[in-house]
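Student: I am new to this structure and would like to go through it step by step. Could we begin with its overall layout?

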Amino acid sequence: MAKKTAESPRTSPEDIQKRIEKYYKAQESEKKGKSLAASIIGTSILCFIILLIVILKMSGVGKTVVFTTDENGKPQTSIADTSDVKGTTLANYLGDKVMDDIKEDK
């Protein structure tokens, strides 16, 4: 006995076109989803790094480059701990600038 082979159903060009359009729409939505996820992750990482830098600078953690001049007027640089340097912190500097701007606006 020979096996009967099932004939594949005939598809019309309209059905083929619909399947192709559905495939491309799925591909586009997948690309959009991947780019959105990458964008969200990248933005989150960037915000985290910026906040980390600001927090560390405001709390005075880290090293500071100190610029000095010698007797001849030649500039020199050295690195010192932030706690050893007398000066204005970033938070105080920004606060002073904001207050100055508010005073000028009045």
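Tutor: Helices (H or I, at least four residues) and strands (E, at least two) are DSSP runs, numbered from the N terminus. By that rule, the protein chain has 2 helices and 2 strands. Please note that this is a predicted model, in which local features need pLDDT of at least 70 and side-chain atom pairs count only at pLDDT 80 or more, while totals for chains, interfaces and linings use all residues. Residues are numbered from 1 along each chain as its sequence is written, and side-chain values use heavy atoms, with hydrogens and water left out.

Student: In what order do the elements run from the N terminus?

Tutor: The order is α-β-β-α.

Student: What is the mean pLDDT of the chain?

Tutor: The mean is 79, and 75% of the residues reach 70 or more; pLDDT is the predictor's confidence in each residue, from 0 to 100. Confidence is highest in α1, at a mean of 88, and lowest in β1, at 75. Where pLDDT is low, the predicted coordinates should not be read in detail.

Student: How do β1 and β2 pair?

Tutor: Strand β1 (residues 63-69) and strand β2 (residues 75-81) pair in the antiparallel sense over 7 bridges. Two strands pair if DSSP finds at least two bridges between them. Thr-69 has Pro-75 in β2 as its bridge partner.

Student: Which residue of that hairpin takes a positive phi?

Tutor: Gly-73 does, with a phi near 90 degrees, in a hairpin that has 5 residues between the strands.

Student: Which residue stands opposite Ser-78?

Tutor: Ser-78, which is found in strand β2, has Val-66 opposite. Leaving aside neighbours within four places in sequence, Ser-78 is in contact (heavy atoms within 4.5 Å) with Thr-64, Val-65 and Val-66. The C-alpha atoms of Ser-78 and Thr-64 are separated by 8.4 Å, and these two residues are 14 apart along the chain.

Student: What share of the chain is buried?

Tutor: Buried residues make up 1% of the 106 residues. Buried means under 20% relative accessible area, exposed over 50%, and partly exposed in between (1.4 Å probe, protein chains only). Ser-78, with a relative accessible area of 36%, is therefore partly exposed.

Student: Changing topic, how many salt bridges does a search of the whole structure find?

Tutor: The search finds 1 salt bridge, defined as a side-chain nitrogen of Lys or Arg within 4 Å of a carboxyl oxygen of Asp or Glu. The side chains of Glu-30 and Lys-34 form it (3.4 Å, N to O). Both residues lie in helix α1, 4 residues apart, about one turn of the helix.

Student: Which residues form the nonpolar patch on the surface?

Tutor: The patch consists of Ile-41, Ile-45, Phe-48, Ile-49, Leu-52, Ile-53 and Leu-56, with about 650 Å² of accessible area together. Patches are made of residues with over 30% relative accessible area and no salt bridge; like charges are joined within 9 Å, and nonpolar side chains (Val, Leu, Ile, Met, Phe, Trp, Tyr) within 5 Å. Accessible areas come from the Shrake-Rupley method with a 1.4 Å probe, and for residues, only the protein chains shown count as cover.

Student: Where is Leu-52 found?

Tutor: Leu-52 is found in helix α1 (residues 13-58). Leu-52 counts as partly exposed, because its relative accessibility is 40%.
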